[in-house]
Amino acid sequence: MSSILRGIVHGKTIELTETIPLPEGQQVALATLEQGEFFGELALLDSERRSGTVSTVDPCELFRLDREEFVWLLSRNPRVVPQFLTTLGGRLRRINEKFFLQVLEKQALQAETERERFRSLIQFAAAANEALSVEKIMQIAVDRICSYTGWPVGHVYSVDEHAGGDLFSSPVWHVAGPERFDSFCKVSDMTRFGAGMELPGKVLATGKPAFLDCLTAASPRAKAASQAGIRCGFGFPVETGGEVAAVLEFFSDRPVKPDDVTLEAIASVATQLGRMIERNRWEERLRHSAFHDALTDLPNRALFLDRL
């Protein structure tokens, strides 16, 4: 009984709201009908199931007209056809306009939300400036990036300046669901990477971001990553003085790849991290110089007095 047209016979100003379901499960109001108007006309033309839902706002009295009756009516009164088509065309135009306005409003809201998330990520300097160590600064950055991207695992590999420049696992981790990724974290903490080895080694060798859609079987972390359901990884360099000082690595359990906005945001964070690390190193050098002799590098009188 879907091929039925219904109309409002009489009463006060009676409103009906026609809605259609969106993919997200929401509904959008398409039209408000009043006395003398009709609905269900598309079903008369194509005999398909209805695409919308109609509900009454106030009590009303309706008439119904099935497909056979409609065809008979048009054959006996051809002058009804232009009026019917005009009404149908106007309604479709209004529905399209309203629908596109709703879509544009939704896109604008999503864009503003994304800009706000972007600003929140790249403006982490205020919080990082309060941190007393590079490790805490890194932790803030990794937490922010994971929150921004929705990736469940974030980690930092640092360059060991005293062991050939290899990468060693730092204590900085962001893990959503520690039990699930426990084995992967333990293997990572025990594994060092040289230039070109796996994801962090590739970033170290090139000084550029790297993306892996999976960890190869040759990787010491491949088995643990597979057991944890890790599908892809992304690495980003943190540079100081033109050299890679650390590698930020992130992993996802979904096959996703960072878009340009995300890449720009993480690049901004990495740049700020590099500057903060460089500043922290200079502060340490200044403190050391203030309390040590320039020639012998032995503690000077100032350090002695400071310890009294």
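In this predicted model, R180 and D253 form a salt bridge (a side-chain nitrogen of Lys or Arg within 4 Å of a carboxyl oxygen of Asp or Glu), with the closest N and O atoms 3.1 Å apart. The pair joins distant parts of the chain, R180 lying in helix 6 and D253 in the loop between strand 11 and helix 9 (260–291), 73 residues apart; helices (H or I, at least four residues) and strands (E, at least two) are DSSP runs numbered from the N terminus. R180 is partly exposed at 44% relative accessibility, as is D253 at 27%, where buried means under 20% relative accessible area, exposed over 50% and partly exposed in between (1.4 Å probe, protein chains only).

By the same rule the count comes to 5 salt bridges. D160, in the loop between strand 7 and strand 8, and R192, in the loop between helix 6 and helix 7, are 32 residues apart, and their closest N and O atoms are separated by 3.0 Å. D160 is buried at 17%, whereas R192 is partly exposed at 38%. Within helix 6, K186 and D182 lie 4 residues apart, about one turn of the helix, and their side chains meet at 3.2 Å, N to O. A network of salt bridges links E198, R221 and E249.

Beyond four places in sequence, L167 is in contact (heavy atoms within 4.5 Å) with residues including Y157, R192, P200, L204 and V247. P200 and L204 are among the buried residues of helix 7, whose cover includes strand 7, strand 8 and strand 11.

Confidence is expressed as pLDDT, the predictor's score for each residue from 0 to 100; the chain averages 76, and 68% of the residues score at least 70. Among the elements, strand 8 has the highest mean pLDDT (95) and strand 2 (residues 16–21) the lowest (49).

Residues are numbered from 1 along each chain as its sequence is written, and side-chain values use heavy atoms, with hydrogens and water left out. Local features need pLDDT of at least 70 and side-chain atom pairs count only at pLDDT 80 or more, while totals for chains, interfaces and linings use all residues.
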